[in-house]
Amino acid sequence: MTTTTTAGPAAARRRRRGDVQGSGRLAATLLSPTFIVLALVVGYPVIAAFRESLYQRGQGLDAQGFVVQGDKFVGLRNYTDIFTGPNSGAFWNAFWNTTFFTVVTVALETVLGVAMALVMHRAFRGRGFVRASILVPWAIPTVVSALLWRWVFQADGVANAVIGKQVLWTTEGFHAKIAVIIADTWKTAPFVGLLVLAGLQVIPREVHEAARVDGAGAWAGFWRITLPMVKPVLLVAVLFRLLDVLRMFDLPAVLIGLHKDSVETLTMIAYDEATNLRYGPAAAYATVLFVYVAVVAYAFVKLLGADIIGDMRQARTARPASAKKKPLTSARKVTT
């Protein structure tokens, strides 16, 4: 007698669910050391900073009239003082400067970085020298770069000699912002160019050749082929630069100086509070900056990166239509 048993789609789904759960447990096991290190290096400092932001250091009198000095729990007073307190004007000025530097410098670096990548990608004599020359500014430490540009922007420096005017770049005013933007763009635009160059080198040559055969010009090929194919790499570069500029401190501090309203950023205010032993307000500024950076990063990935991640997952899990329509059945014959 011969009997045939058929495992239906439900059994196949259970097997796939078990495989996915097993892969998930294996991935969690392999990634657990990384998560532990991140919790110690990132998580604990964030929690400690938030706890510190709930206290203020000061002195007062105890019940016996003696002076008592130490930390006092004040709740959210440090945060309310940031937004609406006597020093709220300094915070909003620093917030505006930080946002302004982020938007302007990242936009300029993206345009110049893509242009640099296109130049470095072309085959011509002396390409190695051009690549090395473009990447040198990025390799220079930020403090050294700020000192170099400080000499350039001196009253008798190269900048005034080129424009033919006497501009005090390192004093208060909008020209100080321009000096910071120029210095930061010069230093970090090659970083964007380097990442975009890596994306250009993985584009098959046949794609551009087919476009030229179809009559596409250089401009059409750039907008319809090159830019869409390097978009994932470009978005990563822009995200890195956004997070970096939001934490800008050393470049304006060395180039222009501290306590300059024109270029003061959120990190500079937090540093000033900490150096004056006001650790509670300093931690509050740092926490606000952390939240600001997290919100910007989430919004950037959600608005611009979600489609890319979805396309990657779809391409990885895509199957032919015929395979999807094929019933998942299996037969087992037992002969007795």
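1. How many nonpolar, polar and charged residues does the lining of the second largest pocket have? In this predicted model, the lining has 11 nonpolar, 2 polar and 1 charged residues.

2. The volume of the second largest pocket is about 260 Å³. Its lining is made up of 14 residues, and those nearest the centre are Arg247, Ala286, Thr287, Leu289 and Phe290. Helix H12 (279-317) is one of the helices that supply at least two lining residues each, along with H1 (9-52) and H11 (266-275). H12 gives the most, with 6 residues.

3. Confidence should be kept in view. The mean pLDDT of the protein is 80, with 78% of residues at 70 or more. Residues 1-6 stay under 50 and have 16 contacts beyond four places in sequence. Residues 306-336 also stay under 50, with 28 such contacts. Where pLDDT is low, the predicted coordinates should not be read in detail.

4. The whole structure holds 18 aromatic pairs. In one of them, the ring centres of Trp138 and Phe191 are 5.6 Å apart and the planes are at 40°, so the pair is tilted. Because Trp138 lies in helix H4 (residues 127-139) and Phe191 in helix H7 (residues 174-200), the pair ties together parts 53 residues apart in sequence. Trp138 is partly exposed, at 37% relative accessibility, whereas Phe191 is buried, at 16%.

5. Trp149 and Phe153 form a stacked pair, because their planes are at 25°, with ring centres 5.5 Å apart. Trp149 is buried at 15% relative accessible area, and Phe153 is buried at 3%.

6. Ring pairs also join Phe83, Phe91, Trp92, Phe95, Tyr285 and Tyr292 into a cluster.

Methods
Residues are numbered from 1 along each chain as its sequence is written. This is a predicted model: local features need pLDDT of at least 70, side-chain atom pairs count only at pLDDT 80 or more; totals for chains, interfaces and linings use all residues. Side-chain values use heavy atoms; hydrogens and water are left out. On a 1 Å grid over the protein atoms alone, a cavity is a set of points where a 1.4 Å probe fits but cannot get out, and a pocket is an open set with protein on both sides within 12 Å along at least five of seven lines; lining residues have an atom within 4 Å of a point. Grid points are joined across faces, edges and corners, and a volume is the space filled by probe spheres set on the points. Helices (H or I, at least four residues) and strands (E, at least two) are DSSP runs, numbered from the N terminus. Ala, Val, Leu, Ile, Met, Phe, Trp, Tyr, Cys and Pro count as nonpolar, Asp, Glu, Lys and Arg as charged, and the others, Gly among them, as polar. pLDDT is the predictor's confidence in each residue, from 0 to 100. Contact means heavy atoms within 4.5 Å. Rings of Phe, Tyr and Trp (its six-membered ring) pair if their centres lie within 6.5 Å; planes under 30 degrees apart count as stacked, over 60 as edge-to-face and the rest as tilted. Buried means under 20% relative accessible area, exposed over 50%, partly exposed in between (1.4 Å probe, protein chains only).
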